[in-house]
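Student: Could we go through this one together?
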Amino acid sequence: MVRRVVVALLVPVPWTPPGIDPGRWRAALAEDVVDLLATLDEVETAVAVTPEDRWLADEVVWPGTAVHEVPTPTVDAVLAALTGYDQAAVIAADAPDVPALTLGKLLRPLTSRPVAVAPVEGTGPGLLGLATRVPAPDWLPPVDLDTAVPGDVRSAAPQPGDVAVTAGWRRLRGPGDLATLDPAFEGWETTRALLSGRPA
């Protein structure tokens with residue numbers, strides 16, 4: 001049986017809605033992503049943080065969730081910390097309403113391709129996440145989810161078709177992204193409560 005893991009990378013959040021404490025905002029986003037991962041079938045889940053952000057992991061993880069401390073908040077650093085898996089996906093932790101189906105689509109191409117990436121929808125560069133067979137191919141470059149685009153990964157591959165580009169999703173990195181949140185959409189309960197001023 002294929003052993004898979006999805007890791008939420010708790011990267012720093014560059015923007016916070018006016019009137020909300022940045023620490024609480026970051027924790028709300030991370031908690032909603034971690035809660036979503038707990039609902040996924042046939043995968044193990046984990047979080048990754050730099051040592052200075054260990055407090056955030058301790059605040060949002062479920063009991064028994066693996067926490068990986070990494071020297072830099074990059075995909076390659078997370079992959080280097082993983083052992084015993086056949087496939088791994090690393091996703092950004094500022095997409096609290098990402099559907100589980102979108103994460104499933106990120107892993108699905110690994111049956112026929114070594115790497116898959118999910119772009120960020122909306123403005124600016126960045127990836128929602130990257131999935132790869134483990135161990136990752138030697139040609140996979142260092143990937144920063146905040147700045148990379150699918151073309152960066154494809155250009156490093158022996159053939160562009162080695163990298164599947166799957167369905168994207170928004171990350172909450174600015175006012176324009178916040179405006180796209182759908183109150184009728186399920187999930188993102190902690191973020192929703194914080195934005196509405198209700199106790200989380």
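Student: To begin, which residues does Leucine 10 touch, not counting residues up to four places away in sequence?
Tutor: This is a predicted model, in which local features need pLDDT of at least 70 and side-chain atom pairs count only at pLDDT 80 or more, while totals for chains, interfaces and linings use all residues. Residues are numbered from 1 along each chain as its sequence is written, and side-chain values use heavy atoms, with hydrogens and water left out. With that exclusion, Leucine 10 touches Arg26, Ala30, Ala48, Val49, Asp53, Leu56, Ala57, Val60 and Ala93, a contact being heavy atoms within 4.5 Å.

Student: And which residues have the most contacts inside the largest nonpolar core?
Tutor: Those are Val6 and Leu10, in a core of 31 residues; such a core is a set of buried Ala, Val, Leu, Ile, Met, Phe, Trp, Tyr and Cys residues joined through side-chain atoms within 4.5 Å, where buried means under 20% relative accessible area (1.4 Å probe, protein chains only).

Student: Which element gives the most to this core?
Tutor: Helix 1 does, with six residues; helices (H or I, at least four residues) and strands (E, at least two) are DSSP runs, numbered from the N terminus.

Student: Switching topic, how many helices and strands are there in the protein chain?
Tutor: The protein chain has seven helices and seven strands, running β-α-β-α-β-α-β-α-β-β-α-β-α-α from the N terminus on.

Student: What share of the protein chain is buried?
Tutor: Buried residues make up 52% of the 200 residues, and the C-alpha atoms fill a box of roughly 50 × 35 × 30 Å along the principal axes.

Technical notes
Buried < 20%, exposed > 50% of the residue type's maximum accessible area, 1.4 Å probe, protein only.
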